[in-house]
Amino acid sequence: MSEYLFLLLSTVLVNNVVLVKFLGLCPFMGISKKMDTALSMGLATTFVITFTTAGAWLLEHWLLMPLGLEYLRILTYILAIAAVVQFTEMVIRKTAPALYQVLGIYLPLITTNCAVLGLPLLNVQEKNSFIVSLIGAFGASVGFTLVLVLFAGLRERLALAKASPTFAGTPLAFITAGLLALTFMGFAGLVPH
Amino acid sequence: MIAALTSLTILGAFLGLVLGIAARVFKVEGNPLTAELIAILPGSQCGQCGFPGCAGAAQALAEGRAPVTLCPPGGRAVALALAAKLGTEVNLAGMKDAVPMMAEVQEEICIGCTRCFKVCPTDAIVGAAQQIHSVFREACTACGKCEEVCPTESIKLQPILVTLQSWRWHKPVEAA
């Protein structure tokens, strides 16, 4: 049990998908202007990543490996990801039209979020079991949500700060992202190997 | 080869089936009238009607919250088309002349500040910093946004004068 807890902690903080592995930077800069949209985007991505990782594991071990079709891995994963994203989009459009409007183009663009494809591929590379893959993916997407919300909070405050016109706006956001990544390096010794 | 083909085909068909069923289950009842009204409006999202873009204006029209004369760039032709679609009376008294207008740059006083260039919703203005700007006749919808931001009042809406080069047959809608 403690092993899984450490795994979760390691994927959320130590090996954070955005700030340490540098995956999923597009929504990290794109949807982090407001706290509530950042949170919703994080939740939608969490849903997609967790489901696609589970689906990708099953596809890998039940379809690709028995038939020796490992060379079709990326194609198959993309197919599964696109289907899950479409499904998420339909559900959000039905249940939360306001959120659908706010997320706009970034919702279908979860398909091309490299974290969504990257996590299943990393799981295959490390030969993880189903449970470990699932917990790892969930932890990584929680880490993604956490970083997105933290960064949105910082940017909300930065928007009101007196910055020199050279740095105001996006340049300041990039610098802040760099400082945040440095801060997350401080978690490196948290989980024993 | 065969295994790859069949497995991907079956996977694709299965996912397509699931999405097809989900599309029925999670169907959003959109107002079909709104889509038709969006098609009539110019679609340049200039916001002069006070609604967030043409989709917002179409929704307000469909719910009866806005008059059919709300669209300044669309002018008389759009107002008439909207009134015909909604089956309402149209009062054109408030509309300006139906003369087609376009933005024109007075080159003597243009300072090349690029402000009009940045606000143009249809990318009808060409130019760069410190260069005199110019307007594409074909792309300009005469929305008037450039007129508001110009610091030297050098860009103004002018009626398009019909010349031998620019004369065309009327469109059937306008002729009728």
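Tutor: In this predicted model, a helix is a DSSP run of H or I that is at least four residues long, with helices numbered from the N terminus. Under that reading, Pro32(B) lies in helix α2 of chain B, which takes in residues 32-40.

Student: Why does Pro32(B) count as exposed?

Tutor: The relative accessibility of Pro32(B) is 56%, and the term exposed is applied over 50%, so Pro32(B) qualifies. As for its place in space, Pro32(B) and Ala62(B) are 30 residues apart in sequence, while their C-alpha atoms are 9.6 Å apart.

Student: What makes Glu36(B) and Lys85(B) a salt bridge?

Tutor: The closest N and O atoms of Glu36(B) and Lys85(B) are 2.8 Å apart, and the rule asks for a side-chain nitrogen of Lys or Arg within 4 Å of a carboxyl oxygen of Asp or Glu, so the pair meets it. Glu36(B) belongs to helix α2 of chain B and Lys85(B) to helix α4 (residues 75-86) of chain B, so the bridge ties together parts that are 49 residues apart in sequence.

Student: Why does Glu60(A) count as buried?

Tutor: The relative accessibility of Glu60(A) is 1%, and buried means under 20%, so Glu60(A) falls in that class.

Student: How do you know whether Asn16(A) is buried or exposed?

Tutor: Asn16(A) has a relative accessible area of 0%, which is under the 20% limit, so Asn16(A) is classed as buried. This residue is found in the loop between α1 (2-14) and α2 (25-30) of chain A, and beyond its neighbours within four places in sequence, Asn16(A) is in contact with Thr11(A), Lys21(A), Gly143(A), Val147(A) and Phe184(A). A polar atom of the Asn16(A) side chain also lies 2.9 Å from the backbone nitrogen of Val18(A).

Student: What area do chain A and chain B bury between them?

Tutor: They bury about 1300 Å², of which 87% is on carbon and sulfur atoms. On the side of chain A, Leu79(A), Met90(A) and Lys94(A) lose the most area to chain B, together accounting for 35% of what that side buries. Across this interface the rule finds 0 salt bridges and 1 residue pair in polar contact, both residues at pLDDT 80 or more. Helices α3 (35-67) and α4 (73-95) of chain A each supply at least two residues to the side that touches chain B, and α4(A) gives the most, with 11 residues.

Terms used. Residues are numbered from 1 along each chain as its sequence is written. Chains are lettered from A and ligands numbered from 1 in the order in which they are written. This is a predicted model: local features need pLDDT of at least 70, side-chain atom pairs count only at pLDDT 80 or more; totals for chains, interfaces and linings use all residues. Side-chain values use heavy atoms; hydrogens and water are left out. Buried means under 20% relative accessible area, exposed over 50%, partly exposed in between (1.4 Å probe, protein chains only). A polar contact is a pair of N or O atoms within 3.5 Å; within protein, one must be able to donate a hydrogen and the other to accept it, and residues adjacent in sequence count only if both atoms are side-chain atoms. Contact means heavy atoms within 4.5 Å. Buried area is the accessible area (1.4 Å probe) that two parts lose on being put together, summed over both.
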